[in-house]
Amino acid sequence: MYRTHTCGELRLHHIDQTVTLAGWVQKVRNLGAMTFIDIRDRYGITQLVADEHCSDELKQTANSLGREFVIQATGKVVERSSKNNKIPTGEIEISLSALKILNAAQTPPFTIEDNSDGGDDLRMRYRYLDLRRNPLKNALILRHRLAQNVRQFLDGEGFLEIETPCLIKSTPEGARDFVVPSRMNPGEFYALPQSPQQFKQLLMVAGYDRYFQIVRCFRDEDLRADRQPEFTQIDCEMSFVEQNDVLEVFERMAKHLFRETLGVEFDGSFPRMPWSEAMARYGSDKPDIRFGMEFNDLSDETRGHGFGVFDTAEYVGAIVAGGCASYTRKQIDELTEFVKRPQVGAKGLVWIRLDADGNIKSSIDKFFTPDTLLSWAEKCGAKAGDLIFIMAGERMKTLSAMNELRLELGNRLGLRDKKKFAPLWVVDFPLLEWDEETKRYYAMHHPFTSPKPEDIPLFDTDPGKIRANAYDFVVNGVEIGGGSIRIFDSALQHKMFETLGFTPEEAEHQFGFLMNAFRYGAPPHGGIAFGFDRLCSLFGGADSIRDYIAFPKNNAGRDVMADAPSSISPSQLEELGLEIRKTEK
């Protein structure tokens with residue numbers, strides 16, 4: 001055996017035992033008569049000591065060690081005279097009797113410490129070294145524990161873990177597919193699944209009434225902190241259920257994960273908020289409800305006073321920043337520039353200040369009397385010492401911009417505590433969204449989402465008003481999961497395809513196998529998928545999912561460690577019947 005114990009295992013009750021450890025050299029301190037070596041593995045760090053009683057050969061080996069050398073060390077466990085209470089093994093050390101270099105190492109390009117001196121690009125290139133650091137190690141341990149807790153809960157609820165294919169048929173709806181050429185079928189392509197959606201519905205048709213899978217999914221879309229081209233879902237489906245049945249099971253799963261992984265308990269049920277209410281109150285379908293600052297609609301109150309910005313606006317909304325009347329002009333100008341950024345898209349920001357004495361001051365004083373401004377403040381519930389921000393324009397765009405301002409204010413005021421969790425369900429989404437450019441409806445979720453039964457007649461009169469039997473699980477302003485009750489009736493599914501602009505031939509070509517399956521007795525069914533990477537980063541208190549994925553891609557979708565994607569040889573292209581055509585950038 002290379003080792004009898006791990007580097008995080010030994011304690012005072014092991015004193016006088018002879019042990020063998022194996023791991024990486026974290027640090028070497030040569031003090032002349034004595035040499036101290038910190039040996040590390042994934043379980044922790046133990047101090048080794050080569051003192052004056054050691055052989056010359058052992059001392060020579062100890063003094064030749066460098067950072068990240070792989071070594072094997074044998075010796076007696078002794079009590080440390082100078083204890084280190086920062087590590088679990090800090091009360092003991094190993095008095096060496098043998099030391100062997102298993103593999104010498106080059107000096108790493110950055111320090112393998114909790115706070116490394118390596119930049120993001122460098123650490124991504126040497127990801128296998130970065131993974132030795134405690135922050136990434138702890139992130140992957142958290143990911144493992146979450147996965148085990150998911151499986152434990154769902155197995156106890158009667159769900160079967162079933163794998164679905166990774167090489168499937170391409171579908172044009174949603175994000176772009178990653179496509180895979182087929183050598184055995186020249187000129188034809190597989191796609192990598194954006195989700196197992198159709199296959200989990202087929203499993204319901206097959207009678208496997210409770211399915212789940214912790215599954216890899218793929219989307220060729222622009223990247224950001226919480227997106228990767230390949231990501232992991234907790235994918236679930238149930239038969240003979242209505243919306244409340246699905247929400248009840250997976251609310252219990254969420255509580256189980258919080259309790260077992262973080263020791264966090266929740267009292268009572270998670271709130272449920274209709275999509276229309278979430279948009280009106282927070283300007284977002286994934287509101288962060290850890291803090292207030294809900295929106296106030298001042299559209300009616302602000303019109304007719306000769307201020308063109310408000311008079312011509314579809315919507316005028318206000319946010320009260322409590323206790324911010326002391327904000328300087330510089331701070332307000334910073335927020336104004338923030339909302340003008342292209343990502344936010346606002347044209348400007350109006351402010352009203354209520355000082356500690358109740359006096360009112362505004363950036364639009366010359367258009368409105370103090371009494372009028374005070375009436376707005378009263379409607380918004382503002383009080384002395386508060387600052388009111390107002391934005392105006394097209395309703396949905398203004399709500400979206402106000403949401404960004406609200407979140408920015410929440411960050412600046414320290415209201416978004418990562419150790420506080422505020423889950424909720426957002427329900428009753430629109431089934432369809434209209435695209436002005438293509439002059440057609442698109443499914444807000446996917447084409448298999450069921451409408452509310454009472455809204456089905458609207459397919460023939462006003463499809464834009466149809467509500468979906470859909471739901472999202474939101475925590476701290478992040479969409480963690482989403483799902484819906486599915487269409488299981490062939491006639492209704494054809495109606496949905498028709499509304500989305502599919503001809504019967506196109507629908508048959510894209511989804512024929514699913515439609516055919518429905519003809520053989522499809523049960524009522526519905527499900528949900530949780531973003532597993534996002535769940536990990538939420539539990540770990542991080543903004544990015546990257547550290548919770550062992551080998552992630554960078555923001556350009558590249559694996560800089562393995563240098564992928566890359567070109568393939570002419571012989572491979574010929575075998576696949578492909579030809580690369582150069583295009584001008």
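Biologist: At roughly what angle do the axes of helix α7 and helix α12 cross?

Modeller: Please keep in mind that this is a predicted model. The axes of α7 (residues 275–282) and α12 (residues 395–412) cross at roughly 65 degrees and come within 8 Å. On the α7 side, Trp275, Met279, Ala280 and Tyr282 make the contact, and α12 contributes Arg395, Met396, Leu399, Asn403 and Arg406. Six of these residues are nonpolar, one is polar and two are charged.

Biologist: In what order do the five strands of the open sheet lie?

Modeller: The order is β12-β13-β16-β14-β15, and the pairing is antiparallel. The edge strands, β12 (296–297) and β15 (360–362), each pair on one side only. Between β14 (residues 350–354) and β15 there are three bridges, and Arg353 stands opposite Lys361 in β15.

Biologist: Which strands does helix α11 touch?

Modeller: Helix α11 (residues 370–380) packs on the sheet and touches β12, β13 (315–321), β14, β15 and β16; the direction of α11 makes about 100 degrees with that of β15. Another helix, α10 (residues 329–340), lies across β14 and β16 (387–393) and runs at about 25 degrees to β16.

Biologist: How many cavities of 30 Å³ or more does a search of the whole structure find?

Modeller: The general idea comes before the count. Rolling a probe the size of a water molecule over the atoms shows where empty space is left. In this structure the search finds one cavity of 30 Å³ or more. The largest cavity holds about 40 Å³ of space. Its lining consists of Met124, Arg127, Phe551, Pro552, Asp559, Val560 and Met561, of which five are nonpolar, none is polar and two are charged.

Biologist: Which residues does the cis peptide bond join?

Modeller: The bond joins Ala564 and Pro565, with omega at about 5 degrees. Pro565 is placed in the loop between α15 (532–540) and α16 (570–576). Asp563 is also found in the loop between α15 and α16; although Asp563 is not a glycine, its phi is positive, at about 55 degrees.

Biologist: Is Asp563 buried, partly exposed or exposed?

Modeller: Asp563 has a relative accessible area of 48%, and is therefore partly exposed.

Biologist: Where does Met293 lie?

Modeller: Met293 lies in the loop between α7 and β12. Met293 has a positive phi of about 55 degrees and is not a glycine. Its relative accessible area is 12%, so Met293 counts as buried, the cut-off being under 20%.

Terms used:
Residues numbered from 1 in each chain as written. Predicted model: local features only at pLDDT ≥ 70, side-chain atom pairs only at ≥ 80, totals over all residues. Heavy atoms only, no water. Axes fitted to C-alpha atoms, helices over the stretch in contact; angles between N-to-C directions. Helix = DSSP H or I, 4+ residues; strand = E, 2+ residues; numbered from the N terminus. Contact = heavy atoms within 4.5 Å. Nonpolar A, V, L, I, M, F, W, Y, C, P; charged D, E, K, R; others polar. 1 Å grid on protein atoms, 1.4 Å probe; cavity = no way out; pocket = protein on both sides within 12 Å on 5 of 7 lines; lining within 4 Å. Points joined across faces, edges and corners; volume = space filled by probe spheres on them. Pairing = 2+ DSSP bridges. Buried < 20%, exposed > 50% of the residue type's maximum accessible area, 1.4 Å probe, protein only.
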